[in-house]
Structures are given as C-alpha cells and as structure tokens.
Amino acid sequence: MSTSTRPGTFVCCGVRIEALTRDPAAALVVDSHYGQARRTHLCNAYTLSLAVRDPEYRALLNASDINFADGHYVAMVGRRRGHPDMAARVYGPDLMADTIDQGRARGLKHYLYGASPTTVATLAEKLGERFPGAEFVGVESPPFRDLTADEADELVARVAAAKPDVFWVGLGTPRQDLFVAEYTARLNCTVVPVGAAFDFHAGNKPSAPEFLQRHGMEWAYRLATEPRRLWKRYLVGNPVFIYGALTDRWRKQA
C-alpha cells in the first residue's frame, strides 16, 4: 500500500497517520460492529522509530485501516503538515476509556486480550466499576509467545461465539501490532492495540501527570519510573524518530 497522503491524513516517518484528535478518534472506534474487520494502530515516537528502521514493520502499519497519532510529537508533525486542528494526540488510555464510556449507549461489546491473568481480570473489574453497563464479552491473558495453530483457532472460535465489536489488545509494541496484522481479519471486528493502557487502567502503573503529558514530557516521566526497561526505547528511539520525521521527503515510500 502506498503511503501517499489521502484527505485527512499525513505521513510521519514513512507511515500514514490519520489527522484525528481525541473526540473524533473515539467516535470512529465507537462506530464499530462485529462483522466489520478493521485494523488499527496507535503510533507514537517509539512505534515510528521502529518503522524508520524496519521497512517490513513500516509496510505493516501502512497496510492498516486506521493509524492514530498516539504521541505528542506525532501530533505536532501533523500540525506542521497541514492539519492545524491537531492540538493533541490520541492517547491510548483515553481512547480506550472514551470508547467504553460512549459505547454504553449503543451496547458496544468489548473483548480484553493481554497482560497477566491478574492484571486483565483487575482491568475488567475496574472498567466495569467506572463505566456501569459496559459489556465485556471476553477477558483473557494470552501466553507470552506466539500462539500455536490450534490456540489461534480456539481464540478465533471464542471470539466468534462472543461477537465483540471492539477487541482491545495489550501486548506491548511491536508485538501487539504484529498480532493486529495477523488476526484482525479472522477476529472480524475492530482490533485496537493500546499497550500500557491495560496497566494504567488496572492500577498497576501510574500515568504521567497531566501537565507533563500536555507538554510532551510523558516519556521522561516513564523513563524515570522504569529506567532499566525503557532506556533504549526513549534514549535511542526518540532521536531515530526525529531523524525519521526530518527525512520523510527523501524516504522511499512503499
């Protein structure tokens, strides 16, 4: 698929991104129903730094139906590339909460897939308490490896029986994006990878303070709280993202 821009999109680090902010993004996901397979990805600086370095991953993102700007600096690139209304990013935890909240009015059905058994069970409980009436038709923790063929078939059968409208994935980047690419057509619904949103909404990890998020400094907060796990993501990924954004005009698009 070409990354040439279409109306309402821009290209950052060779990846096509929808020029959407929080409310329209949530409305797009709320307008989901079982039987319509839609591949979505949330693209932040780390995601796009991987896309700069890996043409296959970049092509995977460009083959999706929807790529949200899940990053302060990704939204900033969008503003500079002809979309002045992109005042804020589409933050994964907000997208998840907004969709579950607004989806109650139309009986939207959700499937939670990811994290540990304890975390995903806690997540379902806390989201149910926060959004009374929200319907969760599946809650499961997958093995921390690729599914076998039999396990994949069993997952598809469980989802077909549950008929969720939105399938939320919390496996971490890039594993969750690979899952979306491989399984969306078989799951036959809108599949949304939101990563750390599972931990944030379950209460396992604190979100960065709002003022840091507004000023694009969430990465510094997360690095300070988990330096051993995240140092490479930010200290290597951020410069690669900047390089990728600055060199888009010369990058071969595929």
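These legends accompany several close-up views of one predicted model. Residues are numbered from 1 along each chain as its sequence is written, and side-chain values use heavy atoms, without hydrogens or water. Because the model is predicted, local features need pLDDT of at least 70 and side-chain atom pairs count only at pLDDT 80 or more, while totals for chains, interfaces and linings use all residues.

**Figure 1. The whole chain, for orientation.** The chain has 13 helices and eight strands; these are DSSP runs numbered from the N terminus, helices being H or I with at least four residues and strands E with at least two. Its C-alpha atoms fill a box of roughly 45 × 40 × 35 Å along the principal axes. Of the 254 residues, 52% count as buried (buried is under 20% relative accessible area, exposed over 50%, partly exposed in between, with a 1.4 Å probe and protein chains only). Among contacts with a separation of 6 or more, 74% join residues 24 or more positions apart (contact means heavy atoms within 4.5 Å).

**Figure 2. Helix α5, a mostly covered helix.** Follow α5 through its twelve residues, 92-103: it reaches 16 Å from first C-alpha to last, close to the 16 Å expected at 1.5 Å a residue (the expected span is 1.5 Å times one less than the number of residues). Nine of the twelve residues are buried, including Pro93, Leu95, Met96 and Ile100.

Figure 3. Leaving aside neighbours within four places in sequence, Met96 is in contact with Leu112, Leu123, Leu127, Trp168, Val194, Ala197, Phe198 and His201.

Figure 4. The whole structure holds five aromatic pairs (rings of Phe, Tyr and Trp, its six-membered ring, with centres within 6.5 Å; planes under 30 degrees apart count as stacked, over 60 as edge-to-face and the rest as tilted). Tyr111 and Phe167 are stacked, with ring centres 4.9 Å apart and planes at 20°. This pair ties strand β5 (residues 109-114) to strand β7, parts 56 residues apart in sequence. Tyr113 and Phe179 are also stacked, with centres 5.0 Å apart and planes at 25°; here β5 is tied to helix α8 (residues 175-187), 66 residues apart in sequence.

**Figure 5. Cysteines without disulfides.** The structure holds zero disulfides (a disulfide is a pair of cysteine sulfur atoms within 2.5 Å). For Cys13, the nearest cysteine sulfur is that of Cys12, 4.1 Å away. The sulfur of Cys43 is 8.8 Å from its closest cysteine sulfur, in Cys12, too far for a bond. Cys13 is buried at 0% relative accessible area, and Cys43 is buried at 0%.
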